[in-house]
Amino acid sequence: MKIVRKDLVRNGPGSVKMVAVDSDDLWYAYNLIAPGDSVMAVTVRKVLREAASGGREAERIKLKLEIKVEEVADYDKEGSMLRIRGKNILENEHVKIGAFHTLELELQRPFVLRKEVWDSYALEVLQQASDPGASADLAVVLMQEGLAHILLIGRSMTITRSRIETSIPRKHGPAIAGYESALNKFFENVLQAFLKHIDFNVVRCAVIASPGFTKDQFHRHLFLEAERRQLRPIIENKSRIILVHTTSGYKHSLKEVLDAPNVMNMIKDTKAAQEVRAMKDFYDMLSNVRSHSFEIVFFCCLVHAMIGILNFLYEKFSCSQ
């Protein structure tokens, strides 16, 4: 989140002008904006104008509105949009004060958030939004040959800091000559992203995860280059860089990393670990509910079938009488 202007008092009133840079920023805004706040932004609204024929025609115009928030209606991650519903409180020739309007906050469009009280929770969310990496507990390099993701995991967010893709030739056939050089180039790109985005003064540990031997090859490349170039952040934190096996280098394999006991031991007393455990407990509860639901449905079907059989036997008995 880009903070353009900040004018507030801790535990007092104030406003912040900000711009959402990516969809994760809109998620922060979703957690930051609450009923009773006011939000000002440029929006589009349909208004009626007098036509030359004497009738009225609808026209969509851009205007600046400020609404008193009544509901943070919808966060659309895929569409990168946050919808906020409330009453207009800014004098405008097209929209009356008190009229309901839904603001749609989008990427790269500034908005101003005003609160009567900026409490510790709101300030913490704002800090995380402006610098998500500052609250990360764990860094993960999820990779496979030709693809890597640098992820930072914090209290309530997983942020993709970098995605590296390189075309790697096959190990066999005529292209084998370029395989080693392409792989080394890929590892160098991942190393540069590692140095840029992973700060051991912030994170507890860094995980290198992959299927097969890719993680081991990169791990070896990382330490060889660290010794050769005297990269102190890596040399001094060797014990905090661990390896984990995953089924792929795509982001859905992050669950396998968080399930690894050696990873959880490294971050066991952090907020991220507490949330991972809470999520695991939630999924376990859902699994139990599903199993109990299946038993209930099965029992109901069995009872229904038995009633049908009894009715059939009763009718047969009545006919025979």
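Among contacts in the protein chain between residues at least 6 apart in sequence, what percentage join residues at least 24 apart? The share is 60%, where contact means heavy atoms within 4.5 Å.

This is a predicted model, in which local features need pLDDT of at least 70 and side-chain atom pairs count only at pLDDT 80 or more, while totals for chains, interfaces and linings use all residues. Residues are numbered from 1 along each chain as its sequence is written, and side-chain values use heavy atoms, with hydrogens and water left out.

**View 1. The whole protein chain.** Eight helices and twelve strands are found in the protein chain, taken as DSSP runs (H or I, at least four residues, for helices; E, at least two, for strands) and numbered from the N terminus. Of its 321 residues, 40% are buried, a term for under 20% relative accessible area with a 1.4 Å probe, counting protein chains only.

**View 2. Ser162 in strand S10.** Ser162 lies in strand S10, which covers residues 158–165, and it counts as buried because its relative accessibility is 15%. Leaving aside neighbours within four places in sequence, Ser162 is in contact with Ala148, His149, Ile150, Ala193 and His197.

**View 3. Helices H1 and H2.** Helix H1 (residues 23–32) packs with helix H2 (residues 120–130) at an angle of about 175°, their axes being 10 Å apart. H1 is therefore roughly antiparallel to H2, a label for angles over 145 degrees. Asp25, Tyr28, Asn31 and Leu32 of H1 make the contact with Tyr121, Ala122, Val125, Leu126, Gln128 and Ala129 of H2.

Definitions and conventions:
Buried < 20%, exposed > 50% of the residue type's maximum accessible area, 1.4 Å probe, protein only. Axes fitted to C-alpha atoms, helices over the stretch in contact; angles between N-to-C directions. Parallel < 35°, antiparallel > 145°, perpendicular 65-115°, else oblique.
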